[in-house]
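Hello,

Here is the structure I promised to pass on to you. Have a look at it first, and then read on for what turned up.

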Amino acid sequence: MEDQNKNLILAIALSAIVMLSWSYFFPAEPVVTDPNAVEVTETVDLTGTGTVAAESGQVAPAAEVAAEPVEEAPRIDIQTARVSGSLSLRGGRIDDLRLNDYRETQAEESEVVTLLSPDGSDAPYYAQHGWRPLQGGSLAPENVPGPATVWGLENGDVLTPETPVTLIWDNGVGQVFRRTISVDEDYMFTIRQSVTNNGEAAATLAPYGLIARHGEPQNLKGFFILHEGAIRNADGILTETDYDDITGLDHVAAEGSRAEVTQVENDGWIGFTDHYWMTTLIPGEGQSFAAKERYIDGREIYIAETLLPTVSVAAGSEAVIETRLFAGAKEWETIRNYQKDEGVTDFLESIDWGWFSFFTKPIFWLLHTLNGLIGNMGWAIIALTIVIKAIVLPLAYKSYVSMARMKEIQPEMEKLKERCGDDRQKMQQEMMKLYKEKKVNPAAGCLPILVQIPIFFSLYKVIFVTLELRHAAWIGWIRDLSAPDPSSIFNLFGIFPWAAPTPESLFALVFIGVMPIALGISMWLQQKLNPAPTDPTQQMIFAWMPWVFMFMLGGFASGLVLYWIANNTITFIQQYAIMRSHGHKPDIFGNIRSGFKKREKNG
């Protein structure tokens, strides 16, 4: 217990390393629900005989994805304030979508983020809706619209929030299919599909929606702290599946591909999530459906699909089904509104909050709120640090008071060592007796660690995962708090004309920037509140620790380094004030001088 403050810093440092390692070695296991057998839906009877209910049968395997890129067809423009692109009349696909508010990089000439791309492009990624006929039913597969079907345009010229578009296709044997697509002011598309049966026999079909992605994303991060891949919510149970796990699914003959099928009884959604963007199929509230994750071998196509219960459309009647498609940015406030106001169950869980979500969520909410009040995410991080330090001040106060009292009894501890010699058992007994007499709790210094560990990890998660930190500037050269400090010793922080090493370079680990250096100095100054330990091993460890952390955290997001600098600065002020209030005036400059003298002597 010889230098509690230094032990505290070491414990926090080692705990942070263990904490970051935990998520890598012990990832959460996905939970899978068993499929149920019977599904029921309703149709609108145009003959006036009432609604028709039908049990789900075996639907025909669908040719949802064309074997070869389909030929180009007329397109309908999509124009909103937040998204732009087009949908193709061939297949009625939403396959061209750009996010107007976001650019690939911070460069002025950078292109806006492209989310969806048509088949035949470098990275096809699109959404498609349609119907599957019942095997052995009155409708053959060629009598339902497929991925190569060219639809007609019945209503609308441009898809905007004010003007939906309606597509139409007549199969020539009695059934007319319509698809009305609308979009809101943000990222939600509504797809209303209908079948009008003008034939003489009932038509039995199952509506579906799918998202197809050809190959893995080109900018896949592949970092253990972030999930990228398929994501689904089935009756409140969230499951995340990485791309490499999808390729390892068992082959299911009924699906004609590798697949995993989960039956959803009431509410759910399924899709693909990237670092900051997401596409998700969302059936109606209370709607049962089969959620499918599929992989087509050889063509490397990943599919997320919703298959709804079959409907039997009697002659002279119409079946209508309405589902939604989210295609956009994972903005916390936007997703929260869809969950709170539009009934998308647990939609906020699509953001990867991690194991410490009970800390991550409130920390992000507070950071988001502070940013809204201040208008600058960097200052919001500093304000967040102040709030957190104020909340844990009672624990910190006990810790610092305990360390101050440990300093008071230090002379008596030295006498005990001399008196007990090598008798460790007697030394331990005498120490415990002394602690009891002086009312000192040597474990009090560990109390703040219990709070600091999840707080540190949660903020690390928030800064890395949430979109709100992407390209968020602070001051001067810090233009992206989610990226490492771009300054570098290599060019003397921009004085010399040559460029700094890129973050991917090994040289970036050595030629660190201003903020990591400030972090090392703040840790070093915090150590100087107390004299160096007498034990040579401890002395060496504590002497090197600030500089090791300085280089170790040099490649971390600058927002996290900013938090640590602010935390160290506030801790220094708190500890100094508490030590002064207990009659101890830390000799900071004396401790610094003694440290240099010891080095000169050792040298």
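How are H4 and H5 oriented to each other: roughly parallel, roughly perpendicular or oblique? Please keep in mind as you read that this is a predicted model.

To take the question step by step, helix H4 covers residues 357-374 and helix H5 covers residues 377-391. The two pack at an angle of about 125°, and their axes lie 8 Å apart. An angle from 65 to 115 degrees would count as roughly perpendicular and one over 145 as roughly antiparallel. H4 and H5 are therefore oblique to each other. The crossing in which H4 passes H5 is right-handed. On the H4 side, the contact is made by Ile363, Leu366, Leu367, Leu370, Asn371 and Ile374. H5 contributes Met377, Trp379, Ala380, Ile381, Ala383, Leu384 and Val387. By class, this contact of H4 with H5 has 12 nonpolar residues, 1 polar and no charged.

H5 has another partner to show you. Helix H12 (residues 558-581) packs with H5 at an angle of about 40°, with the axes 9 Å apart. Angles under 35 degrees count as roughly parallel, and H5 and H12 are therefore oblique to each other. H5 passes H12 in a right-handed crossing. From H5, the residues in this contact are Gly378, Ile381, Ile382, Thr385, Ile386, Ile388 and Lys389. H12 meets them with Gly559, Leu562, Tyr563, Ala566, Asn567, Ile570, Thr571 and Gln574. The contact of H5 with H12 divides into 8 nonpolar, 6 polar and 1 charged residues.

Aspartate 95 sits in strand S5, which spans residues 94-103. Is aspartate 95 buried or exposed? Its relative accessibility is 4%, and buried means under 20%, so aspartate 95 counts as buried. Setting aside neighbours within four places in sequence, aspartate 95 is in contact with Arg75, Ser86, Leu87, Ser88, Leu116, Ser117, Pro118, Tyr125 and Tyr126.

Finally, the protein as a whole. Its secondary structure comes to 13 helices and 23 strands. The protein has 603 residues, of which 51% count as buried. Of the contacts between residues at least 6 apart in sequence, 67% join residues at least 24 apart. The protein exposes about 27,600 Å², with carbon and sulfur atoms supplying 57% of that area.

Conventions:
Residues numbered from 1 in each chain as written. Predicted model: local features only at pLDDT ≥ 70, side-chain atom pairs only at ≥ 80, totals over all residues. Heavy atoms only, no water. Axes fitted to C-alpha atoms, helices over the stretch in contact; angles between N-to-C directions. Helix = DSSP H or I, 4+ residues; strand = E, 2+ residues; numbered from the N terminus. Left-handed = near helix turned anticlockwise from the far one by under 90°. Contact = heavy atoms within 4.5 Å. Nonpolar A, V, L, I, M, F, W, Y, C, P; charged D, E, K, R; others polar. Buried < 20%, exposed > 50% of the residue type's maximum accessible area, 1.4 Å probe, protein only. Areas by Shrake-Rupley, 256 points an atom, 1.4 Å probe, with all protein chains shown as cover.
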